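Biologist: I would like to go through this model with you. Please set each label against its cut-off.

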Amino acid sequence: MLSLLIFLTGAWGASDFPAEAGYASGGERACVMCHIPEDDHPLADIRHSPHGLSGDDRSPAAQLQCQSCHGPSLAHLSVQDGRRPPPAVAFSAETPARQANRACLDCHDDYSQRHWHGSAHEFADVSCVDCHQSHSKTDPMMQRETRERVCLDCHTQVRGEIHRPSSHPMRHQEMSCMDCHAPHGSISDGELREGSLNETCYSCHAEFRGPFLWEHPPVRESCGSCHEPHGSVHDNLLKARGPQLCQQCHSAAFHPSTAPDGGGVPPQGASSSMLQRNCMNCHTDVHGSNHPSGAGQTR
Ligand code: HEC
Ligand code: HEC
Ligand code: HEC
Ligand code: HEC
Ligand code: HEC
Ligand code: HEC
Ligand code: HEC
Ligand code: HEC
Ligand code: HEC
Ligand code: HEC
């Protein structure tokens, strides 16, 4: 339907198409007589956005213009029974997410073929326009300096996490949510860019990919067993301080200690000064070791 009408259109503001299937004729002229009375009206900024490029025949400006997104709007032009029906797609609070998304996916149909359908955002009825702005010259989501703010307006818990003492450097946009996440959906849990949590970490921290001669199973299983990806109050993004971190899984009771008194590691035996800071004083290579005698990850 949309493509059938392309041939009828010209520059933004100069097109004409028949009043069929509920579309108003006259292109944007059918709308701007009431909306956008002056050029400095915020709605008019869309003319200076990628959607306003009339030279690009895939763009709304070169197609049904306002009605490319707002859908058939003929009925909206007049008042019936004391009421003006909204355009088919008003993008208001009453517009169901599915319907609003359909209007964008008509053109951006490559997202349907990728992972949008079934993504956490689609599932939670977050719509394209909850993230993207159409009536501004630049979409804040497409700007490096502003896009995190849009995410964090909804994800307030993550906002707290990235301000913890140890964090991935996201506060000043050195790193982006999109370095790890695919906001339009992905094949992995948590909308991660790569196929799994570990693959996502390896894309930057390749030195931990292994395989190692002496593996530490939880590292292979998930970096998330010990690390908080966004931020932590403990050094190195750790979920807990050592030795508590390790004692989530290991009991200190039967530790084959090398301490002089022959006891176990604290609190069951020996002095707590043996640990100084934590288990990593001795087990220096908790991510795995390639040292021929690296059993126990002590070298
Ligand atoms: C005759 C004047 C007039 C014309 C022409 C007109 N509109 Fe409107 N439009 C209005 C008025 C008045 C409102 C506010 C309606 C209300 O608050 O109930 C409105 C509201 C809207 C809204 C918000 C609806 C909502 O429910 O939030 C959209 C979107 C819209 N118009 C798009 C368009 C489009 C697209 C066209 C061209 C096809 C158009 N309008 C043509 C008068 C007009
Ligand atoms: C690329 C899609 C797209 C095109 C093209 C488009 N709009 Fe919109 N319009 C939206 C979205 C999305 C909203 C919801 C508010 C927002 O995200 O900016 C909206 C909101 C509106 C509103 C309600 C604004 C308010 O403050 O309640 C009006 C009126 C409107 N558009 C008129 C127009 C007119 C007139 C045109 C043509 C010049 C047009 N739109 C072209 C997507 C579009
Ligand atoms: C009539 C077809 C059409 C419709 C409908 C449409 N778009 Fe687009 N959109 C385009 C084209 C064409 C571009 C420019 C693409 C390019 O340069 O590769 C674009 C670009 C974009 C961009 C990139 C903007 C930038 O700054 O680079 C975003 C984001 C976007 N559209 C979102 C939306 C959303 C959200 C909707 C629904 C409200 C929508 N589009 C509706 C055709 C459309
Ligand atoms: C959770 C927020 C969010 C939602 C929801 C969302 N987007 Fe995006 N979109 C983004 C971000 C962030 C980018 C920038 C991509 C990047 O930097 O990796 C983007 C980029 C784009 C682009 C530019 C081309 C590209 O792929 O980089 C288009 C077009 C687009 N989105 C369309 C859509 C459409 C259509 C929908 C709804 C089906 C949608 N978006 C839903 C956040 C979102
Ligand atoms: C309009 C609000 C909104 C915006 C904006 C938004 N999100 Fe979301 N996001 C949600 C909701 C709602 C969910 C589903 C419920 C949940 O898991 O919190 C979700 C889910 C997610 C998930 C998946 C959580 C899981 O457990 O699977 C990730 C990752 C995510 N969002 C990242 C982002 C990123 C990155 C951005 C910015 C590009 C963003 N979101 C923008 C509302 C939003
Ligand atoms: C270093 C990689 C990385 C960065 C950068 C990142 N995340 Fe995440 N995020 C993750 C991982 C890993 C998970 C956990 C996924 C799982 O357990 O399935 C996650 C989970 C989430 C969740 C689900 C709820 C939760 O907290 O577990 C949301 C929402 C989310 N991230 C949003 C964001 C936002 C917003 C940003 C940008 C401010 C961001 N993330 C930056 C890696 C990252
Ligand atoms: C896009 C690249 C990138 C990805 C993906 C990534 N990181 Fe990082 N990571 C960094 C950068 C950059 C630093 C900061 C280095 C610095 O500050 O010197 C860092 C630092 C760290 C630190 C040390 C933090 C500190 O306080 O010193 C840990 C731990 C870490 N990352 C774990 C992870 C985990 C786990 C994942 C997967 C969920 C991951 N990273 C994914 C780039 C990345
Ligand atoms: C068994 C717990 C555990 C698991 C699982 C784990 N780490 Fe660590 N990680 C640590 C500890 C403890 C530190 C603190 C540095 C030290 O003392 O070795 C650390 C430090 C780091 C650092 C910062 C210091 C450095 O050596 O660069 C990065 C980056 C890192 N880990 C990435 C990862 C990645 C990527 C994964 C998944 C492949 C992972 N970690 C899995 C416990 C773990
Ligand atoms: C999520 C659970 C988990 C956490 C947290 C964990 N480990 Fe392990 N660790 C394991 C498992 C599982 C094994 C394999 C046990 C086996 O092979 O019998 C293991 C094995 C080991 C081994 C023996 C390796 C070998 O070569 O025999 C050492 C040493 C070790 N862990 C130290 C640590 C230290 C130090 C920490 C804290 C930084 C830690 N672990 C945190 C689960 C964990
Ligand atoms: C004073 C040094 C030291 C400290 C501190 C220490 N370990 Fe060990 N640990 C060792 C040595 C030495 C071995 C034997 C390594 C080998 O098999 O070659 C060992 C072995 C282990 C093993 C393998 C046990 C087995 O049955 O093979 C685990 C698990 C372990 N340590 C966990 C921990 C945890 C958890 C902590 C912190 C609560 C900790 N260690 C603190 C020195 C230490």
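Predicted model: local features only at pLDDT ≥ 70, side-chain atom pairs only at ≥ 80, totals over all residues.

Biologist: Which residues come nearest to ligand 8?

Modeller: Cys223, Cys226, His227, Met280 and His287 come nearest, out of 19 residues around ligand 8. H10 gives the most, with three residues.

Biologist: What makes the pair between His227 and ligand 8 a polar contact?

Modeller: The cut-off is 3.5 Å between N or O atoms. A polar side-chain atom of His227 lies 2.8 Å from a nitrogen atom of ligand 8. That is within 3.5 Å, so the pair counts as a polar contact. For His287, a polar side-chain atom also lies 2.8 Å from a nitrogen atom of ligand 8.

Biologist: Now ligand 7. Why is the arrangement around the iron atom of ligand 7 called octahedral?

Modeller: Six donors count as octahedral if opposite donors are over 155 degrees apart and all others lie between 65 and 115. Around the iron atom of ligand 7, the six donor atoms subtend angles of 89 to 180°, which makes the arrangement octahedral. His168 (NE2) and His205 (NE2) coordinate this iron atom at 2.0 Å. His168 lies in the loop between strand S1 (166-167) and helix H10 (197-202), and His205 in the loop between H10 and helix H11 (217-221), so the pair ties together parts that are 37 residues apart in sequence.

Biologist: Why does His205 count as partly exposed?

Modeller: Buried means under 20% and exposed means over 50%. His205 has 36% relative accessibility, so it counts as partly exposed.

Biologist: Which residues are the protein donors of the iron atom of ligand 5?

Modeller: His121 (NE2) and His155 (NE2) are its protein donors, lying 2.0 to 2.1 Å from the iron atom. The cut-off for a donor here is 2.8 Å, so both qualify. The site is octahedral, with angles of 87 to 179° among its six donor atoms. This pair links distant parts of the chain, 34 residues apart. His121 sits in helix H6 (residues 120-123), and His155 in the loop between helix H8 (147-154) and helix H9 (156-161).

Biologist: Why is His121 called partly exposed?

Modeller: Its relative accessible area is 22%. Buried would need under 20%, so His121 is partly exposed. His155, at 42% relative accessibility, also counts as partly exposed.

Biologist: Which residues are the closest to ligand 4?

Modeller: Tyr111, Cys128, Cys131, His132 and His184 are the closest, and 16 residues surround ligand 4. By class, its shell has ten nonpolar, five polar and one charged residues.

Biologist: How do you know that Tyr111 makes a polar contact with ligand 4?

Modeller: A polar side-chain atom of Tyr111 lies 2.6 Å from an oxygen atom of ligand 4. The limit is 3.5 Å, so this pair qualifies. For Arg147, an N or O atom in the side chain is 3.1 Å from an oxygen atom of ligand 4. For His184, a polar side-chain atom lies 2.8 Å from a nitrogen atom of ligand 4.

Methods: Residues numbered from 1 in each chain as written. Chains lettered and ligands numbered in written order. Heavy atoms only, no water. Near = heavy atom within 4 Å. Polar contact = N/O pair within 3.5 Å; in protein donor to acceptor, adjacent residues only side chain to side chain. Nonpolar A, V, L, I, M, F, W, Y, C, P; charged D, E, K, R; others polar. Donors = N, O, S within 2.8 Å, 3.2 Å for Na, K, Ca; no water. Tetrahedral: all angles 85-135°; square planar, octahedral: opposite > 155°, others 65-115°. Helix = DSSP H or I, 4+ residues; strand = E, 2+ residues; numbered from the N terminus. Buried < 20%, exposed > 50% of the residue type's maximum accessible area, 1.4 Å probe, protein only.
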